Amino acid sequence: MMKGLRNYLNKIKPKFEAGGKYGRFASTFEAFESFLYTPNTVTKQGAHIRDAMDLKRTMTVVIVALLPALLFGMFNVGYQHNNVALGLTETTVMQNFWFGFLKVLPIIVVAYVVGLGIEFIFAEIRHEEVNEGFLVSGLLIPMIMPVDCPLWIVAVATAFAVIVGKEMFGGTGMNIFNPALLARAFIFFAYPTAISGNEVWVAGLKNASAQGMPLVDGYSGATPLGDAAAALSSGTVQSADAIQWSMGTTPIDWFYGLIPGSIGETSTLAILIGAFILIWTGVGSWRIMLSTVVGGLVMGGIFNLVGANVMMTIPAWYHLIIGGFAFGTVFMATDPVTAAQTNRGKWIYGFLIGVLCVLTRVLNPGYPEGMMLAILFMNAMVPLIDHYVVQGNVKRRLKRAKANA
C-alpha cells in the first residue's frame, strides 16, 4: 500500500514543480509528501550539521509528551461535568473520557484547520516550504483553553497568534513570543469572559431541567487560584487553610488534576510525565524547568515570611501544583525558539519566570494566574539576557587572555 502511494506521488509530483500545471501549490504538495515520507533533499551550500533530530522529529517528541496531559484533560472534562456538576457518581472512566473527548476534539480541529490553513497560505505566497512548527502550537492552544470557549473565538485567537505572533516575524523560528500563549493572551484581553472558566464544566446544560437532569446552571467551576483571589478581594477568608477550602479540594486533588481548569493544565502528574519525556530525549531544557520551579519557591517563600494577606500565606509549594504553573514550566517556558539559548541565560530566564508568576498571583487578585504574562514578558527579555551573558563570557575570556600574556 505504501509503495503504491509512493509511486502515485512520484507520478503527480512533476505537476506541482515549477512550470507544472499546479506549480503554485508546490509548498502544499511538499508539506504532504514530507509528512508521509522522509524528504530526499539535502542542503546544497554553507556549513550544516547532520543530525537525526530534525524539526519534524522534535515536534513529534513534544506532541508525545503532551499526550498524557491531553488525555487526562479529556477525562477530567467528563469527570467535572458528570461527577462534580451533576453528581452522577456511577459514571465510568471511559464514559467521562468519551464525554471530554467529544468536547475537546472540535477545539483541536478548529485550531489546526485555522492555523495550518494560514501557514499553507503564507508558504505559497513566499514560495517556501511549510514549516512543522504549528504541529505543536495547534495542540497547545486547545490545551490552555477552557472547554466551553466558543469555537469562533478559538479560531480568531489562533489566526491572531499565527499571523501576528509568527508570520509577521518571518515564520517558524523567527517569532519572539510563544504563539500559543499569544492566542490565550488575545482571548484574555479581547474576550475576558470566555477565558475566565467560571462555568467551564456546565456548557450545554441550559435545558437540563427539560431533559430530566439536575439544574446546574448556577454551578461555579472556580479553580483553587480563583477561590484564593476571591477570598483576598473580599477579605472573608483569613487563612490559607480556610481557602482549601471552599471547593473541598486538597493538594492531592490538585496534583492529580481532579479540579476545574483549562483542558491540559490541571494534572501536575501528567505534566511531569511529559517533562520526563522532554528531558530524556533532550528536547526540553531541564535548566529552564528547574530554575522556574526554584524561582516560584523563592518568591513564594519570601511572601510567606511577609504574610501581609491571604495569598501571601499560601505555602510556596502550592503554587507549583495549581493553575498553569506546571504546564507553563514544562511546555511553554522551554519553547526552543522563544527561550534563552545560553546555559546561564536559561537559569536566569527560568528563575525570573517563576518569580514573576508568583509575584503576579499574589499582588494582583484581578489576575490570579500569572504564568502567561510572566512567560510572555520574559520572552521579550530573552535577547537582552543572552546578550549580557555572551558579553560577560567575552570579557572573562579577554581577562584570561591578558593574564596569560
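The model is predicted, so local features need pLDDT of at least 70 and side-chain atom pairs pLDDT 80 or more, while totals for chains, interfaces and linings use all residues. Residues are numbered from 1 along each chain as its sequence is written, and side-chain values use heavy atoms, without hydrogens and water.

**Exercise 1.** Classify the ring pair of Phe 160 and Phe 186.

*Solution.* 
1. Rings of Phe, Tyr and Trp (its six-membered ring) pair if their centres lie within 6.5 Å; planes under 30 degrees apart are stacked, over 60 edge-to-face, the rest tilted.
2. The structure holds 15 aromatic pairs.
3. For Phe 160 and Phe 186 the centres are 4.6 Å apart and the planes at 25°, so the pair is stacked.
4. Phe 160 belongs to helix α6 (residues 151–165) and Phe 186 to helix α7 (residues 179–190), so the pair ties together parts 26 residues apart in sequence. Helices are DSSP runs (H or I, at least four residues), numbered from the N terminus.

**Exercise 2.** Classify the ring pair of Phe 188 and Phe 189.

*Solution.* 
1. The ring centres of Phe 188 and Phe 189 are 5.0 Å apart.
2. Their planes stand at 85°, so the pair is edge-to-face.

**Exercise 3.** State whether Val 306 is buried or exposed, and locate its helix.

*Solution.* 
1. Val 306 has a relative accessible area of 52%, so Val 306 is exposed.
2. Val 306 is found in helix α13.

Key: Helix = DSSP H or I, 4+ residues; strand = E, 2+ residues; numbered from the N terminus. Buried < 20%, exposed > 50% of the residue type's maximum accessible area, 1.4 Å probe, protein only.
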